[in-house]
Amino acid sequence: MTPLNVLAVASEVFPLIKTGGLADVAGALPEALAAQGIAVRTLLPGYRPVLDALEGGVAVASLDELFGGPARIVAARAAGLELFVIDAPRLYARDGDPYRGPDGRDWPDNAFRFAALSRVAALLAQDAVPGYRVDVVHAHDWQAGLLPAYLHYAGASHPASVMTIHNLAFQGQFPAGLLGPLGLPTDAYSTDGVEYYGAIGFLKAGVLFADRITTVSPTYAAEICTPSGGMGMHGLLRSRLDVLNGILNAIDIAVWDPAHDPHLVAHFDADLPTARSANKAALQERFGLRRGPDKPLFAVISRLTEQKGIDLVLAALPALLASGGQLVLLGSGDAWLQNALQQAAAAHRDAIGLQFGYDEGLAHLIQGGCDVLLMPSRFEPCGLTQLCAMRYGALPIVAHVGGLCDTVIDANEMALAEGIGTGFHFSPAVPEMLASAIMRAHAIWRRPELWHQLQQNAMRLDVGWNGPAAKYAAMYRELAGVRG
Ligand code: ADP
């Protein structure tokens with residue numbers, strides 16, 4: 001089969017720059033797709049850590065004007081990925097994360113910073129680099145949402161496009177007055193264009209103009225077409241149902257491999273999950289918790305936001321602690337949640353351990369040592385953390401929403417009888433139901449044989465990229481050659 005050239009466009013790519021699951025997906029998919037005969041090049045902004053990581057960069061194009069100044073497009077490799085990077089320091093060389101400054105506020109010029117990503121992608125898609133021909137463009141999230149619109153308004157022949165929604169909560173809306181400055185024609189400001197509730201909607205534009213729309217789980221694909229899950233976009237999404245698909249996310253099973261993970265104190269696999277106990281002891285010691293194998297260790301690894309249901313964890317804490325459980329939490333996010341967690345931890349120093357911030361290594365150790373991972377999200381497009389947990393033999397307690405439904409098998413009576421559970425669901429997402437799921441998990445944890453059976457089910461699940469990559473590859477092949 002002739003390899004297809006796919007240009008992926010993303011604002012973050014693991015391991016170069018990451019704030020969430022989007023980076024994991026953009027980082028892992030290219031290798032999995034290579035095995036399917038798809039050659040992916042990823043375009044991303046030249047943030048400092050990205051430029052610093054490049055190996056053998058070559059400038060393949062120079063632009064005199066990209067939203068206020070010149071820019072170079074650099075082709076390079078880094079961390080095994082084939083990249084195009086936009087070298088435009090005035091847009092990307094800043095302290096803070098890709099979206100916000102150190103004060104926590106969005107960068108005021110985000111419309112231009114990410115329109116630039118789409119603008120450059122559109123140029124690449126229209127053969128701006130000699131010798132590089134794109135068969136399909138794949139835009140990830142609102143940051144790349146203008147790409148299908150730029151291609152549409154360019155009018156000329158261009159490759160087919162895919163728009164993937166990783167989280168509909170982030171839509172990228174900017175003032176209508178930016179239409180001209182963003183290089184969009186006047187007639188683009190309409191419901192059949194980029195207009196969205198009186199503003200310019202980047203994700204809206206992508207959803208409207210892309211040839212295919214995907215999101216990251218089948219259940220989330222259905223949820224976003226309903227008024228309660230559609231966050232204002234359900235009408236448009238329903239009108240595009242014929243091209244909307246849910247393809248589950250996966251994890252990089254070489255990075256998340258409990259038999260070889262350098263961050264673990266003790267390695268283990270599905271045949272010997274009991275070796276996890278040394279990791280649990282290391283966690284208890286690190287967080288100053290009472291040591292011993294007799295207490296179930298619950299964990300949270302998450303952005304600390306309402307979406308992730310961290311307030312539900314706080315409300316269910318009394319039940320968790322009353323039954324002898326312990327909690328470790330790694331995360332960063334909303335200040336009010338951090339404060340409330342700190343207060344709870346101060347009252348229970350030997351049972352609650354907190355670390356605020358981002359720590360990849362600690363995330364691995366927690367997955368390798370905790371008994372139960374809590375993921376009480378109010379909505380969850382796919383969720384990766386529960387996949388890592390299952391691979392590491394930590395059973396997830398998840399809210400019955402989105403991708404959590406599609407990836408975790410509830411260990412209810414029937415599943416236990418069939419020997420197929422991999423975790424615990426609860427619904428609706430309220431503290432009482434989370435507390436009751438915690439009790440249910442605790443009761444099963446006290447029956448080691450049954451617990452080990454569930455751990456083995458979870459650890460033997462296929463959570464790698466081969467299956468999903470085959471679905472993306474099939475979609476690309478269907479689209480390739482369809483030049484609009
Ligand atoms: P999100 O909505 O944040 O993308 P996902 O579950 O899809 O949620 O992906 C989150 C990813 O980020 C997982 O790989 C998880 O382990 C990781 N993660 C989240 N918070 C932290 C943290 N504070 N430190 C390290 N890793 C984290």
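Guide: This is a predicted model. Start with the polar side of the boundary. Six residue pairs are in polar contact between domain 1 and domain 2, with both residues of each pair at pLDDT 80 or more. Now turn to the secondary structure on the domain 1 side. Two helices, H1 (21-34) and H7 (218-223), each supply at least two residues of the side that touches domain 2. H7 gives the largest share of that side, with four residues. By class, the domain 1 side has nine nonpolar residues, seven polar ones and three charged ones.

Next, the charged link. One salt bridge is counted between domain 1 and domain 2. Lys18 and Glu360 form a salt bridge, and their closest N and O atoms are 4.0 Å apart. That distance sits at the cut-off, because the definition asks for a side-chain nitrogen of Lys or Arg within 4 Å of a carboxyl oxygen of Asp or Glu.

Now the extent of the boundary. On the domain 1 side, 19 residues are in contact with 16 residues of domain 2. About 1,200 Å² is buried between the two domains. Carbon and sulfur atoms give 64% of that area.

The domain assignment puts 4-250 and 465-480 in domain 1, and 273-459 in domain 2. The centres of the two domains, taken over C-alpha atoms, are 33 Å apart.

Definitions and conventions:
Residues are numbered from 1 along each chain as its sequence is written. This is a predicted model: local features need pLDDT of at least 70, side-chain atom pairs count only at pLDDT 80 or more; totals for chains, interfaces and linings use all residues. Side-chain values use heavy atoms; hydrogens and water are left out. Domain bounds come from an automatic or database domain assignment. Contact means heavy atoms within 4.5 Å. Buried area is the accessible area (1.4 Å probe) that two parts lose on being put together, summed over both. A polar contact is a pair of N or O atoms within 3.5 Å; within protein, one must be able to donate a hydrogen and the other to accept it, and residues adjacent in sequence count only if both atoms are side-chain atoms. Ala, Val, Leu, Ile, Met, Phe, Trp, Tyr, Cys and Pro count as nonpolar, Asp, Glu, Lys and Arg as charged, and the others, Gly among them, as polar.
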